[in-house]
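Take a look at the model below.

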Amino acid sequence: MDSRAENVKAVRKTKEEKKLLRKQIKASHTLLKHEGINTVSQPTEYLVVANGGLGNGVCRVQLQEVLDGAATVVSLLMPPNKPYAFVTYTSSDDAQQAHTLLNGQQLQCQGQMVTLYFSYVERIGCEQRESADLPPGLVVLEDYVSQEEEARLLQAVDWAEHDNVTVHKALKHRRVKHYGYEFRYDNNNVDKDKPLPIGIPAVCDPVLQRCLKDGHISIFPDQLTVNQYESGQGIPPHIDTHSAFEDPILSLSLGAKTVMGFRHPDGRSVAVVLPERSLLVMRGESRFLWTHGITPRKFDMVPAHGSEGSVVTSDPSNLTLNRRGTRTSFTFRRLRHAPCVCPYPSVCDSQSPPAAPAPDAPSLPRDDGDASRLEAQFVHQVYEEIASHFSSTRHSPWPRVRDFLLALPAGGLLADVGCGNGKYLGINPEVMSVGCDRSASLVQICIERGFQAFVSDALDVPLRGATCDACISIAVIHHFSTQERRLAAVTELVRLLKPGGRALIYVWAMEQEYNKQKSKYLKDSGDKENTQPVVGEGGHSVKQSPLPDVAEEKGSTESTPKLSVHTNRTAFNSPDLLVPWHLKGEEKNTCKHGGGSSADAKATPAPAPAPVFHRYYHVFQKGELERLCSLVKDVEIRTSYHDQGNWCVVLEKVPK
Ligand SMILES: [Zn+2]
């Protein structure tokens, strides 16, 4: 090799090194800024591995293999949901060797490439919460059935069968089949006088005999529900209806393990691993008071070793990811024929007083106090109640919002104010995205998806002013019920922007037909599943039952007219209205639902209709959003447009 070639090579190497150094410095800054982890330049035996966390989809085994390749690893801590891990080597020399060998190494995980950046830390800052206990009354018995029994049970379920012997429904999130009695998802109960022709299959007898002998039950169950969950499917949190079934409830997990989430009304939550072939017994408090559910996702955080059927704690030395397979659960229950007398009346449908009359349709607010009360009841409370169903209809990003996000410069900070289930937070991985929403349930969904999100009102976002390169407000500002509050929401968004930063705002348009094009919202009439969600109200089926005009029905005796209830998939006839949300037929929590209206019960005399919630909207008329934004200081409208039934603007903050 001549000297010229060597020189070129040296220059190239320096360039690569510089690039690596730049990226590493950026990674260190990110750790300090968002996680409070301080990296140091002199070698220690501790290294933080940026991008090597469970939150990036990196598995423990995978990372361990890489780390072992450099020197002997003393410990590896992977904190839950975090994008980094900590590794301890026996000496700072070993750590230095690992740093030299591994920094910048790429790792293929879950279909995407991550680059690992290593930095020294003085000590490992990883708080370890104490391990949680199982909910009282809950037992998980491992290996309760053998592999042969498991195979026999799974074979006994014929999903292809389409007769009326057993009831088989493809619910949105899973396949369900009932034996003995049908569990009805419209009223969350069973028809006790209408047994199905086929009872619990005989193939279940040996395991039920065992349960009887072992004292888990004192009487044979008479109802069986078989649920099949593909990877990525789940079931919303719920309590099995008290008046429908006795105590306890048994559930066999077959085919694959999953993690079931239990939650006490006081907010305590416990994640429990249900291994394949295990039996779950829910008795007493865990059956009556705690909700249980399965978060729809493809990977679960589970303990890396130790007891299988156990609580998932946040112990970072013992967490890894488990890829979900197809799990089939056999849930055995005994019908109840007398009212429930459990000690938990707050969640007991046998003991709760008859449903309180639904709130009257509100009037347009007269002052700010009125407005915030209206929004609390007809926006915040409703989103809290429908969060899980709402989130399940919000997957596809709106294309022009995505384009805006993808055009943002790398390394910038984005705030999504009113982020819902976080569907825009992961669009552009080159920017640091934070989301906030008024609904704690939706924020929880964001966090479970690994996003940075917090609960906040859009009128008072706890972020420093002039810090964001971009803000988005998608389908949020139309929920404010006075012009002053809508203006305050835009002003707050602009406050967050740096000079030169841009904000994208979407609000629902009064004009659902524009340039002779009907919006997706109008076109999606009828019972369609899985349509592209629209910002306003799309992506879920809506019954076309005409709703009475509440204003007319009640009579307008007051000076301020009552808000009218909008008929879904029709043109708007008023800028301020209540839009119904039909909660989809799923097993539900037995709690009473707020925000529902008696209007629907009157309009649909069918037995026990699915709960309907009403959300307040102010739909914007042409030019209104631009006029509103022009009242805000220090900002210019860069562009405005109509997009699928929404009015949209891009604002840019100008230097003062
Ligand atoms: Zn009860």
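Is Arg502 buried, partly exposed or exposed? Arg502 is partly exposed, with a relative accessible area of 33%. Bear in mind throughout that this is a predicted model.

Arg502 has a charged partner. It forms a salt bridge with Glu652, and the closest N and O atoms are 2.9 Å apart. Arg502 sits in strand E27 (residues 497-508) and Glu652 in strand E34 (residues 646-653), so the pair ties together parts that are 150 residues apart in sequence. The cut-off for buried is under 20%. The pair also belongs to a network of salt bridges that links Arg502, Glu636, Arg638 and Glu652.

Strands E27 and E34 come up again at helix H8. In H8 (residues 399-406), Val401, Phe404 and Leu405 are buried. These residues cover an arc of only 95° around the axis, which puts them on the same side of H8. What do they pack against? The buried residues of H8 pack against strand E23 (413-417), strand E26 (468-474), E27 and E34.

Now back to the salt bridges. How many are there in the whole structure? A search finds 19. Side chains of opposite charge can pair when their charged atoms come close. One of the pairs is Arg334 with Asp222, where the closest N and O atoms are 3.9 Å apart. Arg334 lies in the loop between E22 and H7, and Asp222 in the loop between helix H5 (205-213) and strand E13 (223-229), so this pair ties together parts that are 112 residues apart in sequence. The 3.9 Å separation falls inside the cut-off of 4 Å for a salt bridge. Arg334 counts as partly exposed, at 27% relative accessibility. Asp222 counts as buried, at 19%.

Another pair is Asp300 with Arg297. Their side chains meet in a salt bridge at 2.9 Å, N to O. Asp300 is buried, with a relative accessible area of 0%. Arg297 counts as partly exposed at 26% relative accessibility.

Is Arg336 buried or exposed? Arg336 is buried, with a relative accessible area of 7%. Which residues does Arg336 touch, leaving aside its neighbours within four places in sequence? Arg336 is in contact with Lys192, His242, Ser243, Ala244, Phe245, Glu246, Asp247 and Phe288.

The ideal angle for four tetrahedral donors is 109.5 degrees. His242 lies in the loop between strand E14 (235-238) and strand E15 (249-254), and Cys340 in the loop between E22 and H7, so the pair ties together parts that are 98 residues apart in sequence. His242 is buried, with a relative accessible area of 0%. Cys340 is buried as well, at 3%.

Gln155 is exposed, with a relative accessible area of 67%. The C-alpha atoms of Gln155 and Val203 are separated by 9.7 Å, and the two residues are 48 residues apart along the chain.

Finally, step back to the whole protein. It contains 14 helices and 34 strands. Of its 656 residues, 51% are buried. Among the contacts with a separation of 6 or more, 71% come from residues 24 or more positions apart. The accessible surface comes to about 29,900 Å², and carbon and sulfur atoms account for 51% of that surface.

Methods. Residues numbered from 1 in each chain as written. Predicted model: local features only at pLDDT ≥ 70, side-chain atom pairs only at ≥ 80, totals over all residues. Heavy atoms only, no water. Buried < 20%, exposed > 50% of the residue type's maximum accessible area, 1.4 Å probe, protein only. Contact = heavy atoms within 4.5 Å. Helix = DSSP H or I, 4+ residues; strand = E, 2+ residues; numbered from the N terminus. Arc of directions from axis to C-beta. Areas by Shrake-Rupley, 256 points an atom, 1.4 Å probe, with all protein chains shown as cover.
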